[in-house]
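Subject: Structure handover

Hello,

Here is the structure I promised you. Please open it alongside this email, and read my notes with it on screen.

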2 protein chains.
Amino acid sequence: MTVSRVLRGTDNVSATTQAKVRAAISQLGYVHNRLAGALASSRSPHIAVIISSVENIVFSEVLAGITNALEDSGFQPVIGISDYDLARELDLVRSMLEWRPAGFALAHARHNAETVKLLHQAALPVVEMMELTSNPVDMCIGIDHKAAGKVMAEHVISKGYKRFGYLGSDHAVDITAGIRFNSFKQTVEQHGGLMIKAAMPERNSGISLGRKHMHLLMEQGLDIELVYFSNDAVAAGAMLYCLAEGIRIPDQMALASFSGLEIASSMPVAITTIGSPRFDMGRIAAKQLLRRINGESFEFVRDAGFTLIEGGSC
Amino acid sequence: MTVSRVLRGTDNVSATTQAKVRAAISQLGYVHNRLAGALASSRSPHIAVIISSVENIVFSEVLAGITNALEDSGFQPVIGISDYDLARELDLVRSMLEWRPAGFALAHARHNAETVKLLHQAALPVVEMMELTSNPVDMCIGIDHKAAGKVMAEHVISKGYKRFGYLGSDHAVDITAGIRFNSFKQTVEQHGGLMIKAAMPERNSGISLGRKHMHLLMEQGLDIELVYFSNDAVAAGAMLYCLAEGIRIPDQMALASFSGLEIASSMPVAITTIGSPRFDMGRIAAKQLLRRINGESFEFVRDAGFTLIEGGSC
DNA sequence: TTGAAAGCGCTAACAT
DNA sequence: ATGTTAGCGCTTTCAA
């Protein structure tokens, strides 16, 4: 029918007919069946997005960037939550693939071999976000976490700190935090610094982790000058503990972190941290996907970069 | 084909044939086309979920509850983000409806008339969350925000406070905050209290709003004893300002809020607030939807309840 | 337990 | 500018 032509934008339909069709549609309460449309055209307006968690603001911001870039593009995100679980991610990829999305965006760069295989077989545009990886599935936009750890290490060394502690969540869950930690540790040690105590006690990563475990760390009386954190939420929790206990920052204890969240800059003493363009990573990832789908030029790998944000905490 | 029968669970297929089919499937890298399946059966495994924002942890927790309840149910959430915009919500409902979801979950209870009409026409199960409403579209699970405002008002009055301020985000955006504020104000005034200054300066609602506008409020020297906040993020920001300036809580300034977030209880002085079961609201909403779809018994309206969490801030 | 046939509501290609 | 026809890849129903 001509109706179909009206539904997906004037192909070659007279104004009169269009008006008639639209009138009939709104009168009948007709709802276009996109299922049938997608099947017939074997084209889908969906971009599958997998994030690790929706309770971690970092992924929310990436998601916001994707949503923003997809607005008015005719495409829309379909979101899956892996909960930091690679097996769950595989399930998600498999079931999302069954709906024939136009592309995939993954908010990390570590996957099961089977996940990668499925994605390759599907032969659709894929973009990995957050982390730069040596062998991307397809496209990739992220930051160099090793460099981020190094930059912070060099910064705190330049400030004269020598004796360090570390507090973060389980590195099996937060892989990029592990990369930053190793790089930080290695760099400070190269400069004569000492990593006295590193704790990655829990799967959870938030304010309460920081508050609780900063307490446990301080109790040990370890002669640490500065604590490096896996992210700003943990660092903020730790600072709240210090404030509650009257521990002066940075004199009695200095803090350094990673993320660049609102909470870090809102603290009574702003936390020195490293900020990455999360919203933009999402936005650019989606844009690259669209360029790819539309047959325009694109980049396979893109370094989103990061910034050292100096606060008063060290 | 018999293949179809294998794909969606043994209808009546011999073990031998099943094995053969599965072998062939994994060898060929065949991917089941759910588009065609959903079209043919006119059944969908999708639950459409609309939340206002993904950067507000409150909605993330509701979403986590939904995701949890849907796990292993054979259904999965498809998420739309309205960005607190009713027109955008209408667009979302319209386009999500075109994919024939099995049900709808909406993370608030205010909609355009057109949105409600579309939802009614579609004649599918709908559940509204977060807020109890007098005329739900269909089902509803939430809390009574008017009661929440009243409970906090009575609590602070019972503590002897008389002179109040209020700080929140724009009530045109955060409607439930507006309900709590009005109820709080009315109740304290009934008990001889005074709402001296109420500020709803920005659309944004977060830590930085609290920190910045608490400063502006304090500068005015208004002889306020207690500030009531629209939510814990704003309250936390305000407390951080007080900590930075050495304003003693609750002696020089008392604080009371709403949400029950991790950040409220992690503060050096825990913030007195009201907690609601956000995760459970999501979980129950999804469960009710499933019961409905499966033809089991369900409740149209359910009060999720809230709890006064006493901290040291007032 | 398995096979065959019809058709879900669209789009695409081809008439007119 | 509009109508016609043949699928898209499944599920459903009916037959074997």
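One definition before the strands: two strands count as paired if DSSP finds at least two bridges between them. Please also keep in mind that this is a predicted model.

Strand β1 (residues 46-51) of chain B is joined to β2(B) by six bridges, and the two run parallel. One position to look at is B:Ile50, which stands opposite B:Gly80 in β2(B).

How many of the six residues of β2(B) are buried? Six of the six are, so the strand is largely enclosed by the rest of the structure. B:Gln76, B:Val78 and B:Gly80 point one way. B:Pro77, B:Ile79 and B:Ile81 point the other way. All are buried.

**A buried strand in chain A**

Now go to strand β5 (residues 139-143) of chain A. This strand is mostly covered, with five of its five residues buried. On one side are A:Met139, A:Ile141 and A:Ile143; on the other are A:Cys140 and A:Gly142. Both faces are covered.

β5(A) has these partners:

- Strand β4 (residues 126-131) of chain A runs parallel to β5(A) and is joined to it by five bridges. Here A:Met129 has A:Ile141 as its bridge partner.
- Strand β11 (residues 301-303) of chain A also runs parallel to β5(A), through three bridges. Here A:Cys140 has A:Val301 as its bridge partner.

**Chain A as a whole**

Chain A holds twelve helices and twelve strands. Its C-alpha atoms fill a box of roughly 80 × 40 × 30 Å along the principal axes. Of its 314 residues, 48% are buried. Take the contacts in chain A with a separation of 6 or more: 71% of them are between residues 24 or more positions apart.

**An uncovered helix**

Helix α2 (residues 15-28) of chain A is hardly covered. The count of buried residues among its 14 residues is zero. After the helix comes A:Gly29, with a positive phi near 65°.

**How the chains meet**

How many residues of chain B are in contact with chain A? The count is 38, and they meet 38 residues of chain A. On the chain B side, α3 (34-41), α4 (57-70), β2 (76-81), α9 (207-219), α10 (232-245) and α11 (262-266) each supply at least two residues. The largest share, six residues, comes from α4(B). By type, this side of chain B divides into 21 nonpolar, ten polar and seven charged residues.

The same surface serves both: 100% of the contact residues of chain B recur in chain A.

**The nonpolar core**

The largest nonpolar core has 179 residues. Which of them touch the most other members? They are A:Leu255 and B:Leu255. Leaving out residues up to four places away in sequence, B:Leu255 touches a list of residues including B:Leu226, B:Val227, B:Phe229, B:Met239, B:Ile249 and B:Ile271.

- The peptide bond from A:Ile249 to A:Pro250 is cis, with omega near 5°. A:Pro250 sits in the loop between α10 (232-245) and β9 (254-256) of chain A.
- A cis peptide bond also joins B:Ile249 and B:Pro250, with omega about 5°. B:Pro250 sits in the loop between α10 and β9 (254-256) of chain B.
- A:Asp72 is not a glycine, yet has a positive phi of about 65°. Its place is the loop between α4 (57-70) and β2 (76-81) of chain A. A:Asp72 counts as exposed because it has 6 C-beta neighbours inside 10 Å.
- B:Ala123 is not a glycine either, and its phi is positive, about 55°. B:Ala123 lies in the loop between α6 (113-122) and β4 (126-131) of chain B. With 8 other C-beta atoms within 10 Å, B:Ala123 is exposed.

Best wishes

Notes. Residues numbered from 1 in each chain as written. Chains lettered and ligands numbered in written order. Predicted model: local features only at pLDDT ≥ 70, side-chain atom pairs only at ≥ 80, totals over all residues. Buried ≥ 20, exposed ≤ 12 C-beta atoms within 10 Å, placed from the backbone. Helix = DSSP H or I, 4+ residues; strand = E, 2+ residues; numbered from the N terminus. Contact = placed C-beta atoms within 7 Å. Nonpolar A, V, L, I, M, F, W, Y, C, P; charged D, E, K, R; others polar. Core = buried A, V, L, I, M, F, W, Y, C linked by C-beta atoms within 7 Å.
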